[in-house]
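Colleague: Could we go through this model together? I'd like to start with how you define things.

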Amino acid sequence: MRATSIPRGPGAPPVGSADVDESRVAAPAGALAALASFARKTAAIADMEVRKLRHDPTELATRAIQPALWLLIFGQVMARAHVVPTGGLPYLDFLVPGILAQSVLFIAIFNGISIIWERDLGIVHKFLATPTPRSALVLGKAVSGGVRSLIQAVVVMLLALALGVKLCWEPLPLVGVVALILLGAAVFSTFSLIVACVVKTRERFMGIGQVLTMPLFFASNAIYPTSIMPGWLRAISHVNPLTYQVDGLRSLLLAGTVADGGAIATDLGVLAAVLLGLVVLAARIYPNIVR
Amino acid sequence: MGSATEMVCTRGLGARFGAVVAVDDLNLSIGAGEIFGLIGRNGAGKTTTIKMLTTLLPPSAGTASIAGLDVVKQASSVRRLIGYVPQALSADGELTGYENLLVFARLFDVPRASLKARIDAALSFMGLADSAHKLVRSYSGGMIRRLEIAQSTLHRPRVLFLDEPTIGLDPVAREAVWEHIARLNTEAGTTMVITTHYLEEAEALCQRIGIMHLGRLVALDTPGQLKAQAGADTLDEAFVRLTGGPAERDAGYVDTSRTRRAAGRLG
């Protein structure tokens, strides 16, 4: 039989038999250890995604075009029209946080398609067969969506500077801006992951992704305040996480606004709560994609 | 829950998708250190069986256990004991070989201090040390397979599930993959459950073979006994007599498109 006739290699094999038992059944014990393991595994997944981005960053460059068009064309024209009440802000300043949130949304909402890819390849199968909490697999993806968005945010902020928009560079508001971007991106990429688990094919996903982005964008305060919306649209905008993200960004990002701590805490809280709910739901349905 | 040396055990295991019965009343007992082959055509239920044993698909009927642990009730403990190499390409082409191993080492709780040593050892064991820092997109099919096996054995699993490990490989690459599987078995004592439809390879490597047909196990024995039982000279012939047709039949549209799409991505 061939199995026994294969000669042993000269090097030490990676699979010794002496120390096998300790290492392979080393299940983390206790709540704290479980939490640490959860964090480590979430980080492992996020790290993997960021490495992929580092190997091929071309996608980031093309992503900069759309926000540039919104600021340069839409922003300039609307600024001349003076039709949107912005609470005293120049329209372009008002628009920048909205476009920042929009570009984060547009990246994150298509994040889920990667798991359809990975399902077709067999990568998801292998991840699901490892001792990794499903919620860590989901949250790791969400975090990587956040990192991707931060890079995008830097691009939009540079564009804004070039257009003469005065941004706030105080450390504490900046930390808030980063938190809002990470949370918003994580919310929409997890939402996208859920959509992917439900529709299961790339074609359907692309169709639904297109259908979802514009309503999310227009039913928010990204390019006009909710105060000028008809009642029904305003009601929708209040359950749209994007509105909370834009609201927080608008008061933290711009030099000309005064941040209201309570309002920002609400914005962060709403986004965090939505993220938690979505991660729990996504972790539950994630395994369905391989069945 | 079976004896101490029983690694894989199924009792009346079944899987049903709507009206379609993919696996029906499967009873298996695979011992520690055994290389067990599961053969059958596309659609015979091999992959569905593997998915149930690797905790990916909850059984619709019966039970299955790995080293005495139930695949449903103790799924996360089972996942620490098993390695799984799916049929489709499961290494990520956008990462290097090293990075592909790094993420799995972390997910399998390999201690941080021994992370690098463990990965380097796995790479050299699989003959991939020279390509460790190249993108997997540039690997050949055989190299990718060996990398995938390395990914799934970083935590030194007790049972390794390989679903069609040599599908789509040229004969030389296929030979290399089988050699590595055999070495893992002899050197680490890893129990192997392999599905394949290359019967001569199953015969050369597997101590026992189960033949699946339309979701049912129609025969289970050593290759020699299977041939004797069917009055056949080769395993191919035995297979035809036991199931009424050859093992390698054309894959359907979905299978073919999946395989090609996967192959296309990794170029």
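Modeller: Two strands are taken to pair if DSSP finds at least two bridges between them, and helices (H or I, at least four residues) and strands (E, at least two) are DSSP runs, numbered from the N terminus. This is a predicted model, in which local features need pLDDT of at least 70 and side-chain atom pairs count only at pLDDT 80 or more, while totals for chains, interfaces and linings use all residues. Residues are numbered from 1 along each chain as its sequence is written, and chains are lettered from A and ligands numbered from 1 in the order in which they are written.

Colleague: Fine. Which strands does S3(B) run parallel to, and with how many bridges?

Modeller: S3(B) runs parallel to strand S8 (residues 191-196) of chain B, with five bridges joining them, and also parallel to strand S9 (residues 208-213) of chain B, with four bridges.

Colleague: Zooming out, what does chain B come to in helices and strands?

Modeller: Chain B has 10 helices and 10 strands. Its radius of gyration, taken over C-alpha atoms, is 18 Å, close to the 18 Å from the globule rule (2.2 Å times the number of residues to the power 0.38) for 267 residues, so chain B is as compact as a globular protein of that length. Of those 267 residues, 54% are buried, and the C-alpha trace spans about 50 × 40 × 35 Å along its principal axes.

Colleague: Different topic: which way does phi go in most residues other than glycine?

Modeller: Most residues other than glycine have a negative phi. Arg156(B), however, has a positive phi near 55°, and lies in the loop between helix H5 (141-153) and strand S7 (159-163) of chain B.

Colleague: Is Arg156(B) buried or exposed?

Modeller: Arg156(B) counts as buried because it has 24 C-beta neighbours inside 10 Å.

Colleague: What about Lys200(A)?

Modeller: Lys200(A) also has a positive phi, near 70°, and sits in the loop between helix H10 (171-199) and helix H11 (202-218) of chain A. Lys200(A) counts as partly exposed because it has 14 C-beta neighbours inside 10 Å.

Terms used. A residue is buried if 20 or more other C-beta atoms lie within 10 Å of its own, exposed if 12 or fewer, and partly exposed in between; C-beta atoms are placed from the backbone.
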